[in-house]
Amino acid sequence: MNRYILKCAFALFALFSFGSANAQDNVIDRVEWVVGDKAILRSDIEEAIRYWLSTGRKFDGDPYCVVGEDLAVQQLFLHQAAIDSVEVDETKIMRQVDAQMDYVIQQIGSKEKLEEYFDKNSAEIREMYREQLYNMEMMEMMKAKLIGDIKVSPSLVRRYYESLPKDSLPFIQEQVEVQIITQEPEIAEEEIERVKSELRDYTDRILSGETSFSTMALLYSEDPGSARRGGELDFSGRGEFAPEFAAVAFNLTDPNKISKIVETEYGFHIIQLIEKRGDRIKVRHILRKPARSSENIKKMLLRLDSISMDIKGGKFTFEEAAEVISHDKDTRNNYGIMYNRNTASSHFSLEELPVDVARVIDGLEVDSLSQPFAWVLDNGKTVCAVAKLRSRTEAHLATIADDYETLSMMYKSELGNNRIQEWIKEKQKSTYVRINSDNRNCEFKYPHWEFYEEDK
């Protein structure tokens, strides 16, 4: 059994153990903290403990102390976020809710077991997850705002590097730079027509009253995020949709009608309006993806093999080929160089690369080309690609010459953490806080709470 499975098993054991122990406690709900004008109840803390356990998080100390303080600190940030009118992307939150619900259900075994554990129905559990993730995102956005103006100069980064003990220097994993050329295999016209015919059939069945849009989405939509909700998407602005999807969705006016078939990079859709609120809409959709035949994938792999031979023969360079023939819009105007969004650079560890790319890159010599390969993108689309290893940096202790960006990020992170700690400290002193006497012996992470005496 690997470490990941053991970790999940331990977390689930703790989750159910906490649930059993709490069921025997039967303590009447009470106020544990008051932070400003916000009361934090014992039930709030217990629900947050269950949430933490369900995500595999562990406690460094008494859970009631750790989580109680965490909620109290959260309130400091939420209060400031409200003053500063910080807004959270609800669509992003709901995607996180879906992912978290799927993960926990998979680990626990079923939706029914999850409902039994939380003693809530699935809609109530989703709302609990939404609230937890919303507050966490709001808190992170407020932190980002507090430290957003921090800048460091090369001389300060060098001074920071020189001040670090050798045993504190970060260990830099092997890093690679990768260039890519991708091409999409053709989809047979018969396959496209098959998908469109099915969508027209869905439309006819829905409009005839034989079934509902939600039921058809649940049964047939190939968008896993929305299918389980009957195809429903959260309120979104025009820019949050694919342009072709938005052009049709925002022209819908009658919730009883269904759109024409819409093609986007993800496949073919039909759309139904649920509600409009200003410049945001809520819709449901059904997505069907035409399949690329294995025969057409093989043809494209052979074509890329021929292109690779031309590059090796000097007919043109990899960079020229990427600019002219690659279908990948993110890399074709950058000589095919892949971009790491996690580090805002072109360097990846093998673990950060897409699995299909890492597999063909591992073991290549610098400036060598991979064999053509099929690559399944995040949107589920299969493309064919050939990759080139542009550079490889062996694993090493960080140096100012080779790892300036990493050291700069470390230094900024340290300055940011220090600023946030000072901000929390000042807010602790200036915010009314009352805490139940049972919790006053807790060992808190932030020791500067100015507790007011409880009312007699």
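**View 1. Ile 180 and its partner across the strands.** In this predicted model, Ile 180 has Ala 387 of β10 as its bridge partner. The two strands involved here, β4 and β10 (residues 382-393), run antiparallel and are joined by nine bridges.

**View 2. The whole sheet.** Let's step back to the open sheet, where three strands follow the order β4-β10-β9 with antiparallel pairing. At the edges lie β4 (175-183) and β9 (373-376), each of which pairs on one side only. From one strand to the next, the twist averages 55°.

**View 3. Helices packed on the sheet.** Helix α12 (residues 294-312) touches β4, β9 and β10 as it packs on the sheet, and its direction makes about 35° with that of β10. Helix α13 (residues 318-325) also packs on the sheet, touching β4 and β10, with its direction at about 45° to that of β4.

**View 4. A pair of phenylalanine rings.** The structure holds 11 aromatic pairs, and one of them brings together Phe 241 and Phe 250. Their ring centres are 6.3 Å apart and their planes meet at 65°, which is over 60°, so the pair counts as edge-to-face. Both Phe 241 and Phe 250 are buried.

**View 5. A ring cluster, and charges over rings.** Here you can find Tyr 51, Tyr 117, Phe 118 and Tyr 129, linked into a cluster by ring pairs. Over the ring of Tyr 117 sits the charged end of Arg 50, 5.8 Å from the ring centre. Likewise, the charged end of Arg 130 sits over the ring of Tyr 134, 5.5 Å from its centre.

Technical notes. Residues numbered from 1 in each chain as written. Predicted model: local features only at pLDDT ≥ 70, side-chain atom pairs only at ≥ 80, totals over all residues. Heavy atoms only, no water. Pairing = 2+ DSSP bridges. Helix = DSSP H or I, 4+ residues; strand = E, 2+ residues; numbered from the N terminus. Axes fitted to C-alpha atoms, helices over the stretch in contact; angles between N-to-C directions. Contact = heavy atoms within 4.5 Å. Phe/Tyr/Trp six-rings, centres within 6.5 Å; stacked < 30°, edge-to-face > 60°. Buried < 20%, exposed > 50% of the residue type's maximum accessible area, 1.4 Å probe, protein only. Lys NZ or Arg CZ within 6 Å of the ring centre and 35° of its normal.
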